[in-house]
Amino acid sequence: MRVLVVDHPLVAHKLTVLRDRDTSSPVFRLLTEELVTLLAYEATR
């Protein structure tokens with residue numbers, strides 16, 4: 001299985017905020033939607 005490491009600074013920042021325990025549910029949902037978009041872009045690039 002091939003593994004793709006995405007080292008984009010925007011993805012890293014969003015993951016950092018997602019991992020924070022103080023992140024509210026609405027912000028968490030928004031960040032996951034944005035991450036899916038960014039990762040889809042990277043996967044189809």
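The model is predicted: local features need pLDDT of at least 70, side-chain atom pairs count only at pLDDT 80 or more, and totals for chains, interfaces and linings use all residues. Residues are numbered from 1 along each chain as its sequence is written, and side-chain values use heavy atoms, with hydrogens and water left out.

**Surface patch**
- Met-1 sits in the segment before helix 1 (9-19); helices are DSSP runs of H or I with at least four residues, numbered from the N terminus.
- Met-1 is exposed because its relative accessibility is 98%; exposed means over 50% relative accessible area, with a 1.4 Å probe and protein chains only.
- Together with Val-3 and Val-5, Met-1 forms a nonpolar surface patch of about 450 Å² accessible area.
- Such a patch takes residues with over 30% relative accessible area and no salt bridge, joining nonpolar side chains (Val, Leu, Ile, Met, Phe, Trp, Tyr) within 5 Å.
- A salt bridge puts a side-chain nitrogen of Lys or Arg within 4 Å of a carboxyl oxygen of Asp or Glu.
- Accessible areas use the Shrake-Rupley method with a 1.4 Å probe; for residues, only the protein chains shown count as cover.

**Val-6**
- Val-6 also lies in the segment before helix 1.
- Its relative accessibility is 26%, so Val-6 counts as partly exposed, the class between 20% and 50%.
- Beyond four places in sequence, Val-6 contacts Val-11, Leu-39 and Glu-42; contact means heavy atoms within 4.5 Å.
- Val-6 and Ala-43 are 37 residues apart along the chain, with C-alpha atoms separated by 9.5 Å.

**Glu-42**
- Glu-42 belongs to helix 2 (residues 25-44).
- Glu-42 is buried because its relative accessible area is 15%, buried being under 20%.
- Leaving out residues up to four places away in sequence, Glu-42 touches Leu-4 and Val-6.

Note on methods
Patch = residues over 30% accessible without salt bridge, like charges linked within 9 Å, V, L, I, M, F, W, Y side chains within 5 Å. Helix = DSSP H or I, 4+ residues; strand = E, 2+ residues; numbered from the N terminus.
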